[in-house]
Amino acid sequence: MAAIYIILLAITLVLLFVNLSLAFDPLKRKNKIWTHFDFTVSLSPQQRECYHQYVETGMIFSLSYKVVFGDQHDRNFGFVVTDFNGKIVKENYEDLEGNMQVNAKESGVYNICIGNQASRFYSKKIHIYIDLFNPKRFESAVEEETEKDHSFGNISKTIMVLNEGIRDMRLYQMRTRQNSIHDWYILSANLAYVNRWSCVQCIVIIASGILQVYILRTLFTVPTNTRKPRC
C-alpha cells in the first residue's frame, strides 16, 4: 500500500509541475487579451543569449530594454529581434537602452537576442519588459459583455481608450523602474567601492601606527643585559 501511495504522490507532483510550467511559459500563453512580464538577464564578457516569444496574429508586440548594470563607458552591446522568418525587426548596437513595437500580421515565434561579445572585461545586467496585447480580442470581449447588459450602452470605444492609457502608463512605469534599478546598481557599486577602500585605509593607518610605536621603542632601548630604557 505504501508503494501505491508513493506512486500516486509522484504522479500528482509531475502533473502539478507540468501544469505550472505551462501556466508560466510565455510560449503557451495563447488566447490571452493582454500579457506582460519583465525579467533581468546577466551577461558575462563575450556572452550572447537568445530568448523566444510566441506572438499571435493581430497582437501588438511591445518590448523595452535597458542595461541597468555595467560600465557606462562600455558601449559594446548588441540587441537584435527577428521574426519567425528570420527577418530583422529591431537592431541596435549603439544605445544601452531602447524600445520597439510591432503589429504582428502572422502568428509565430520572435527571437530576442542580446549580446556582450565585443566586451572583454565588463559584465552587464539587462532588464527586459515584454507587453503583448490583442485589440481585436479585447473588442470582441467588450462587445460580448455589453450585449449581455445593455444598460452600459456603447462604451467599447471608451474602454479601448482607457485600456490604451493603462498600457502606456504601464510602459512608463516600467521605464521608471528600469531607471531606478540602474540607479540602485550604481549606488551599490559606489558603496562597495567606498567601503573597500575605507577598510584598506584603516588597515594602513593601524599598521603605520604600530610600526611607528615599534620604531620609537627601539630608539630608546639600551643594548645591556638589564635591558633598561635610557629614560
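In what order do the elements of the protein chain run from the N terminus on?

**Figure 1. The whole chain, before we zoom in.** In this predicted model, the elements of the protein chain run α-β-β-β-β-β-β-β-β-α-α from the N terminus on. That comes to 3 helices and 8 strands. The protein chain has 231 residues, and buried residues make up 27% of them. If you look at contacts between residues at least 6 apart in sequence, 78% join residues at least 24 apart. The accessible surface of the chain comes to about 15,900 Å², with 60% of that area belonging to carbon and sulfur atoms.

Figure 2. Phe84 is 27 residues from Asn111 along the chain, and the C-alpha atoms of the two are separated by 7.5 Å.

**Figure 3. The largest pocket and the residues that line it.** Here you can look into the largest pocket, which holds about 180 Å³ of space. Which residues line the largest pocket? Among them are Asp83, Phe84, Asn85, Lys87, Ile88 and Val89. The lining also includes Val102, Asn103, Ala104, Lys105, Glu106 and Tyr110. Two strands, β5 (88–92) and β6 (97–103), each supply at least two residues of this lining. Sorted by class, the lining has 6 nonpolar, 2 polar and 4 charged residues.

**Figure 4. Asn116, a buried loop residue with two polar contacts to show.** Asn116 lies in the loop between β7 and β8, the latter covering residues 124–133. Asn116 counts as buried because its relative accessibility is 0%, and the cut-off for buried is under 20%. Which side chain makes a polar contact with the side chain of Asn116? The partner is Lys124, at 2.8 Å. A polar atom of the Asn116 side chain also lies 3.2 Å from the backbone oxygen of Ser44. Leaving aside neighbours within four places in sequence, the residues in contact with Asn116 include Leu43, Ser44, Pro45, Gln46 and Gln47. Asn76, Tyr122, Ser123 and Lys124 are in contact with Asn116 as well.

**Figure 5. Gln46 and its positive phi.** Gln46, one of the residues in contact with Asn116, has its place in the loop between β1 (34–43) and β2 (48–55). Phi of Gln46 is near 60 degrees, a positive value in a residue other than glycine. Most residues other than glycine have a negative phi. Gln46 counts as exposed because its relative accessibility is 52%, and exposed means over 50%.

Figure 6. Phe121 is found in the loop between β7 and β8. With 70% relative accessibility, Phe121 counts as exposed. How far apart in space are Phe121 and Asp74, C-alpha to C-alpha? They are 9.6 Å apart, although 47 residues separate them in sequence.

Technical notes. Residues numbered from 1 in each chain as written. Predicted model: local features only at pLDDT ≥ 70, side-chain atom pairs only at ≥ 80, totals over all residues. Heavy atoms only, no water. 1 Å grid on protein atoms, 1.4 Å probe; cavity = no way out; pocket = protein on both sides within 12 Å on 5 of 7 lines; lining within 4 Å. Points joined across faces, edges and corners; volume = space filled by probe spheres on them. Helix = DSSP H or I, 4+ residues; strand = E, 2+ residues; numbered from the N terminus. Nonpolar A, V, L, I, M, F, W, Y, C, P; charged D, E, K, R; others polar. Buried < 20%, exposed > 50% of the residue type's maximum accessible area, 1.4 Å probe, protein only. Contact = heavy atoms within 4.5 Å. Areas by Shrake-Rupley, 256 points an atom, 1.4 Å probe, with all protein chains shown as cover. Polar contact = N/O pair within 3.5 Å; in protein donor to acceptor, adjacent residues only side chain to side chain.
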